[in-house]
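Here is a short report on side-chain pairing, contacts and the nonpolar core. Read it with the model open.

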Amino acid sequence: MTKAPYPLQPEPMQKSWLERNANWKIPLGCLTLLVLIGAFVAIVLAIVTESFHHSDVYNQAISRAPLNPLVREQIGEPIRAGWFISGELSVNGSSGKADLKIPISGPRGKGSIRAIASKRAGVWTFTWLQVNVTGHDGAIDLLSVQPAAERDF
């Protein structure tokens with residue numbers, strides 16, 4: 001007599017860990033939902049922050065800070081912009097407005113640039129552009145006219 005290629009009485013299927021521990025279904029479901037919500041928030045935050053970083057008003061504000069000798073003295077060089085920008089940026093074609101707070105840091109200290117600007121006919125005009133350095137009183141106005149540096153001839 002030949003032997004059957006499979007057993008006539010199959011072994012009972014083993015239950016999965018989740019089937020054996022049914023009380024974990026709700027906590028694991030909630031944890032999964034929280035992870036998905038956190039990932040969604042992180043993606044939206046990254047997209048918004050990147051849009052700030054690539055805006056003209058941001059780049060103009062960042063480029064003006066190292067030009068001021070008082071900022072270079074108090075923060076040091078090189079001046080680096082922080083990752084998380086707060087505020088609002090609204091652009092509609094050739095017009096828009098911005099109210100940004102940009103964290104900056106250097107070898108000597110930290111601070112933030114406060115920029116308020118409006119865009120008309122495609123050109124950004126700042127109404128407020130100041131640097132506040134942590135640990136120093138007062139703000140450094142980046143819009144004030146700086147006297148020309150004295151030169152030795």
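Contact here means heavy atoms within 4.5 Å. This is a predicted model, in which local features need pLDDT of at least 70 and side-chain atom pairs count only at pLDDT 80 or more, while totals for chains, interfaces and linings use all residues. Residues are numbered from 1 along each chain as its sequence is written, and side-chain values use heavy atoms, with hydrogens and water left out.

Helices (H or I, at least four residues) and strands (E, at least two) are DSSP runs, numbered from the N terminus. Thr49 sits in helix α2 (residues 25–53). Setting aside neighbours within four places in sequence, Thr49 contacts Trp83 and Phe84. Thr49 is buried, at 2%.

Gly87 belongs to strand β2 (residues 86–92). Its relative accessible area is 53%, so Gly87 is exposed. Beyond neighbours within four places in sequence, Gly87 is in contact with Phe52, Asp99 and Leu100. Gly87 and Lys3 are 84 residues apart in sequence, and their C-alpha atoms are 78 Å apart in space.

**Salt bridges**

A salt bridge needs a side-chain nitrogen of Lys or Arg within 4 Å of a carboxyl oxygen of Asp or Glu. The model has two salt bridges by this rule.

| Pair | N to O distance |
|---|---|
| Glu77 and Arg72 | 4.0 Å |
| Arg114 and Asp99 | 3.0 Å |

Glu77 is exposed, at 53% relative accessible area. Arg72 is partly exposed, at 28%. In the pair of Arg114 and Asp99, Arg114 lies in strand β4 (residues 110–120) and Asp99 in strand β3 (residues 95–105), so this pair ties together parts that are 15 residues apart in sequence. Arg114 is partly exposed at 30%, and Asp99 is partly exposed at 26%.

**Nonpolar core**

A nonpolar core is a set of buried Ala, Val, Leu, Ile, Met, Phe, Trp, Tyr and Cys residues joined through side-chain atoms within 4.5 Å. The largest one has 22 residues, and Leu100, Ile113 and Val131 have the most contacts inside it. At least two residues of this core come from each of α3 (56–64), α4 (69–75), β3, β4 and β5 (123–133). With five residues, β5 gives the most. In soluble globular proteins, nonpolar side chains tend to be buried together.

Which residues does Ile113 touch, not counting those up to four places away in sequence? They are Ala61, Ile62, Ala65, Leu100, Lys101, Ile102, Ile104, Leu129, Gln130 and Val131.

Note on methods: Buried means under 20% relative accessible area, exposed over 50%, partly exposed in between (1.4 Å probe, protein chains only).
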